[in-house]
Amino acid sequence: MKIKTIAVKEFRELIKERTVLLGMIVGPIMIFAILSTVSLGAVKQVQEQIAAPPRIAIVITSPNPDNTGDVASFIASRLNADLYVGAVNEDELIRKYDSIVYLTSDAIENMTMGLKAHIRVLAKVKTLSFLTISTVQNVIAVLENAVHEYIAENVRQVYPQASASFLSDPLAVETMLYYKGRVMSEAEAMSTVLGTGFAVTIATLILVMASMQIAATSMGIEREAKTLEILLTLPIEGRDLVLGKVLGVSAITLLGILSYVAGMSVYLYSISRLASAPTGEEVSVGFTGGITITPQSVVYIAVSTILALIVALAIGFLAGILSQDVRGAQLASSYIGLAMMLPLFGVFFGLDLTGVTGPIRVLLYLSPMTFLYYTVWGSIIGEPSIITQGLMGLVVHLAIWVTISSRLMRSEEVIYGELGSKIRRILAKRRLQH
Amino acid sequence: MLALMGDEEVIVDGLVKVFDGVEAVSGVSFRVSRGEIFGLIGPNGAGKTTTLRMIVGLLKPNRGSVRVFGLDPWRDGVRFRRIISYLPEDAGVYKHMSGRYFLRFNASLYSDDPRVVDEMVEYGAILSGLGKDLDRPMGKYSKGMKRRILLARTFMVKPRLAVLDEPTSGLDVNYSVAVRRMIKEYVEENNATVILSSHNMLEVEYLCDRVAFINRGVIVAEGTPEELKRRYKADNLEEAFIEAIGGVY
């Protein structure tokens, strides 16, 4: 009975607390609603790419009149592909088709003799993500089916003793991806996706959430330690107070930033080595065009990370100003932090932020993390315009959030830490005036 | 020390504060002169703290105004806060910070001149009377020690107006006497002005030049302790207050 009494009291107390209500009941609904919108957008983007049947061109390099004709025609008919013989302009062809399958006379000869054939496929992707990379496998699967069919109908009769390994796996396919004018291997594409989609999302999530919690609770701690009122009556501008606090917390998180940048550099370096391992030449992270992790890129990533974190701290600080207590500040900063991370979750699901347009783009711009992604992505692919966009976005975010926090810092709501109270007071004031 | 006409440093005029549709303060007005210690006396929930918070610019009145040396708490911001110092009733301390660093931190916000800062810290150290304990983390201070360091902080910056909310609240007799003495000496030495709130009538009678009784957000009587006792034919301020509000409720 006593337990029930305590339980009922606890429930009644908690359910009346707006932060708990918002965080535990409204928050999850909101988060999942937004998350589903973002992931749907990402999936839709990929679906659009694979909705139409892929337009495929088969290019026969070094044609040999003795053996290429029949095999190429057979595969082309199964793939519903156009056939090109001899030298072609690859750039023109990839603009027209979704994939190009290169067949050499050696490959065809191997195929007809029951030996493993080496085929090169160039697949065009509009976005670079786990999802789009995996869709390229569809083209490969169709190609393999066609070759299996050809083997079943022709090769098995001529070479009944063909090895089981050849019959089950007759092709060695080298897949190359064509993305925004650049050609890269599948491994390189995967390493780039891992470098941005995975590393940026997960590492930033951890760092941002931890930093925001520190910033948000900083105000709550002042309020609960009863030091806030004295602080607010000291001769200092609201803006300086906000910036001072944010910079103080930034100093604490500086170690985190350094560790983040160092870790990310090591991570990108290691996956770039993985991608360029066969040649052992220049360390490249991605594209065959020679995009490298230069010291300049590391500086851009470091600067944008620091900026993004300061913005996150300013927002976390704002959450602290508006929250009633430390618990409310923690809850608010967790949800705001998660909401801010949504664009990066989008990247994780395959959304190409730089390619998004319309209202979703406006929504994405609400999060400073979109601009962190821009800078990191721009640094990796070597696009100065994307880097500039990212850095400018972060600076604008910083100005906006510091201004809002400064204004609120000098308002009386900061003492009680409740935006709801302010609204009620405004209504009460109006009633009084009437 | 009685107020002279036209010498008012603090002019509080018709302050109204509404919380959630309830008037916590309903048209409070009073004037305080330079060198005066003015006491705001009333029971819990009478509106003392709300009034003091409006005076120092922590709360914005729904109606009415505050002028301290002609400065408005909300319009004149930093200029205003430079001449006042506020001690909240239940003010806390930074538990990891030493008392001396706390004094220096505060002083640094009042002056950019290192010499002035040093002087303030030195003065604050003397006022606090904490000696070697100043270098210990404040989290280890007793309640009385915390109150002393907070009072020292309040006065070390030599404010023209010090606003003290229940300055001896929760302190034992020894500390209370020391704190009262500190307030009195500071005002006499610096010709500063103090507004304080209290429900300790003995304290108010000892400290204040003039007193206002506040009840349910309204000032019901104002005058020197002697005047009020005479007016309500009472032996002490406590009885005068009860008379002023029409008996115990």
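Predicted model: local features only at pLDDT ≥ 70, side-chain atom pairs only at ≥ 80, totals over all residues.
1. Let's begin with chain A as a whole. Its secondary structure amounts to 17 helices and six strands. The chain has 434 residues, and 49% of them count as buried. Sequence separation is worth a look too: among contacts in chain A between residues at least 6 apart in sequence, 77% join residues at least 24 apart.

2. Next comes the place where the two chains meet. Chain A brings 24 residues to the contact and chain B brings 31 residues. About 2,500 Å² is buried between chain A and chain B, and carbon and sulfur atoms give 61% of that area. Which three residues of chain A supply more than any other three? They are Ile230(A), Thr233(A) and Pro235(A), which together account for 26% of the area that chain A buries against chain B.

3. The interface has polar and charged pairs as well. Between chain A and chain B there are two salt bridges, and seven residue pairs are in polar contact. On the side of chain A that touches chain B, the elements giving two or more residues are α9 (228–232), α16 (413–416) and α17 (419–433). Of these, α17(A) gives the most, with six residues. By type, the residues on this side of chain A divide into eleven nonpolar, three polar and ten charged.

4. One salt bridge to look up joins Asp90(B) to Lys226(A), at 3.4 Å from N to O. Side chains of opposite charge can pair when their charged atoms come close.

5. Lys17(B) counts as buried because its relative accessible area is 2%, under the 20% cut-off. A polar atom of the Lys17(B) side chain lies 2.6 Å from the backbone oxygen of Lys60(B). Leaving aside neighbours within four places in sequence, the contacts of Lys17(B) include Glu412(A) from the other chain, along with Val22(B), Thr50(B), Met54(B) and Pro61(B).

6. Over all chains, the count of salt bridges comes to 17. In one of them, Asp98(A) pairs with Arg55(A), with the closest N and O atoms 3.3 Å apart. This pair links distant parts of the chain, 43 residues apart: Asp98(A) sits in the loop between α4 (90–96) and β3 (99–104), and Arg55(A) in the loop between α2 (18–51) and β1 (56–61). Arg55(A) is partly exposed, at 45% relative accessible area.

7. Arg239(A) forms a salt bridge with Asp240(A), at 3.3 Å between the closest N and O atoms. Arg239(A) is partly exposed at 45%, and Asp240(A) is partly exposed at 33%. In chain B, Arg79(B) and Asp76(B) meet in a salt bridge at 3.4 Å, N to O. Here Arg79(B) counts as exposed, at 54% relative accessibility, whereas Asp76(B) is buried, at 18%.

8. Finally, look for a network in chain B. Salt bridges link Glu36(B), Arg210(B) and Glu222(B).

Notes: Residues numbered from 1 in each chain as written. Chains lettered and ligands numbered in written order. Heavy atoms only, no water. Contact = heavy atoms within 4.5 Å. Buried area = accessible area lost by both parts, 1.4 Å probe. Salt bridge = Lys/Arg side-chain N within 4 Å of Asp/Glu carboxyl O. Polar contact = N/O pair within 3.5 Å; in protein donor to acceptor, adjacent residues only side chain to side chain. Helix = DSSP H or I, 4+ residues; strand = E, 2+ residues; numbered from the N terminus. Nonpolar A, V, L, I, M, F, W, Y, C, P; charged D, E, K, R; others polar. Buried < 20%, exposed > 50% of the residue type's maximum accessible area, 1.4 Å probe, protein only.
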